[in-house]
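Colleague: I am new to this structure and would like to go through it in short questions. Please show it to me before we start.

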Amino acid sequence: NTWLLVGSEIELDQNAGRGTGRNIVLRVKDIPVFYTPYLSFPINEERSSGLLYPSIGSTREGGFDYSQPYYFNLAPNYDATLTPRLMSERGLMMSLEGRHLGESSSNELQLSYLHNDAQFDPATLGITGSESPPEAKRWQLNYLGSAEFTRHWSASADFSAISDFDYFQDFGNAGLTDTTRSYLYRHGVLDFHQQDLHLQAALESFQQIDPSLSDLDKPYSSLPRINLNYLGDISQ
């Protein structure tokens, strides 16, 4: 075995789909690597609430960086994940992800918030070479959703926002995917379909997150845009 759980007492409940153990030692290749006086763990493929794998690292400006997600299995069609993230040089950031799946809709919401960034220094703000972020309160919001109201009407939305230009540089976890972004795209669409007729109303906008982006490189915004398409034979 690559890994093995050893304990003074281990009980497997097949009906509940969980196992519990006391004085548990995790051995990897017969080497003890972790001990806990009590452990509860799943023994089937069903989702269950509990701690997920943590993320540990360090950065020059943020210092020691530890994230510990906790998963809430609230219902078969919705759940949530709460992630405290401790950065020794910045403070405690809280992140929440919620997901909901309905019969004809889906929604996903992500929130992150740091109440007071310890790196914020109003005395050096705006001075060349200052490492102070532009804001003390740092946050991020993402929403993605879609719904079918009736057989003919449907809608979708994608919205993202951050507190300041440097957010992804300081907190981004997706590497170059985040840090090389120039703007955040936002849109909302309302659709109507009936036979050969298609009516669409859409709002499109963006948040600029690269202060060096020129006017020629900025994407278009439309508030609102309405399209009407008829695919039938108008001669009849």
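## Questions on the model

Modeller: This is a predicted model. Its accessible surface comes to about 16,000 Å², and 55% of that belongs to carbon and sulfur atoms.

Colleague: How many helices and strands are there in the protein?

Modeller: The count covers both kinds of element in the protein. It gives two helices and 16 strands.

Colleague: What radius of gyration does the protein have, next to that of a compact globule of 236 residues?

Modeller: The C-alpha trace spans about 85 × 60 × 30 Å along its principal axes. A compact globule of 236 residues would have a radius of gyration near 18 Å. The protein has 25 Å.

Colleague: What percentage of the 236 residues in the protein is buried?

Modeller: A residue counts as buried under 20% relative accessible area. Buried residues make up 24%.

Colleague: Which share of the contacts with a separation of 6 or more comes from residues 24 or more positions apart?

Modeller: The contacts considered are those in the protein with a separation of 6 or more. Residues 24 or more positions apart account for 40%.

Colleague: How far apart are the mean positions of the positive and negative charges?

Modeller: The protein has 16 positive and 30 negative charges. The distance between their mean positions is 4 Å.

Colleague: Is the ring pair of Trp-153 and Phe-192 stacked, tilted or edge-to-face?

Modeller: A search of the whole structure finds five aromatic pairs. In the pair of Trp-153 and Phe-192, the ring centres are 4.8 Å apart and the planes stand at 50°. Planes under 30 degrees apart would count as stacked and over 60 as edge-to-face, so this pair is tilted.

Colleague: Which strands does that pair link, and how many residues apart are its members?

Modeller: The pair links distant parts of the chain. Trp-153 is in strand β13 (residues 153-162) and Phe-192 is in strand β14 (residues 183-194), at a separation of 39 residues.

Colleague: How are the planes of Tyr-183 and Phe-206 arranged, stacked or edge-to-face?

Modeller: The ring centres of Tyr-183 and Phe-206 are 6.0 Å apart. Their planes are at 70°, so the pair is edge-to-face.

Colleague: How many residues apart in sequence are the parts that this pair ties together?

Modeller: Tyr-183 lies in strand β14, while Phe-206 lies in strand β15 (residues 197-208). Tyr-183 counts as partly exposed at 33% relative accessibility, and Phe-206 counts as buried at 18%. The parts tied together by Tyr-183 and Phe-206 are apart in sequence by 23 residues.

Colleague: Which residues do ring pairs link into a cluster?

Modeller: The cluster is made by ring pairs. Its residues are Tyr-167, Phe-168 and Phe-171.

Colleague: What is phi of Asn-23?

Modeller: Asn-23 is in strand β3 (residues 18-28) and counts as partly exposed at 36% relative accessibility. Phi is positive there, in a residue other than glycine. The value is near 55°.

Colleague: Where is Lys-29, which also has a phi near 55°?

Modeller: Lys-29 is a residue other than glycine with a positive phi. At 58% relative accessibility, Lys-29 counts as exposed. Its place is in the loop between β3 and β4 (31-42).

Colleague: How far is Pro-122 from Pro-133 in space?

Modeller: Pro-122 lies in the loop between β11 (105-114) and β12 (138-148). Pro-122 has a relative accessible area of 58%, which means exposed. Pro-122 and Pro-133 are eleven residues apart in sequence, and their C-alpha atoms are separated by 9.2 Å.

Colleague: What separates the C-alpha atoms of Ala-123 and Arg-27?

Modeller: Ala-123 is found in the loop between β11 and β12. With a relative accessible area of 62%, Ala-123 is exposed. Ala-123 and Arg-27 are 96 residues apart along the chain, and their C-alpha atoms are separated by 52 Å.

Colleague: How far apart in space are Glu-103 and Gly-232?

Modeller: Glu-103 is in the loop between β10 (91-101) and β11, and counts as exposed at 87% relative accessibility. Glu-103 and Gly-232 are 129 residues apart in sequence. From C-alpha to C-alpha, the distance is 31 Å.

Conventions. Residues numbered from 1 in each chain as written. Predicted model: local features only at pLDDT ≥ 70, side-chain atom pairs only at ≥ 80, totals over all residues. Heavy atoms only, no water. Helix = DSSP H or I, 4+ residues; strand = E, 2+ residues; numbered from the N terminus. Rg over C-alpha atoms; globule rule 2.2 N^0.38 Å. Buried < 20%, exposed > 50% of the residue type's maximum accessible area, 1.4 Å probe, protein only. Contact = heavy atoms within 4.5 Å. Areas by Shrake-Rupley, 256 points an atom, 1.4 Å probe, with all protein chains shown as cover. Lys, Arg positive; Asp, Glu negative; His and termini not counted. Charge placed at Lys NZ, Arg CZ, Asp CG, Glu CD. Phe/Tyr/Trp six-rings, centres within 6.5 Å; stacked < 30°, edge-to-face > 60°.
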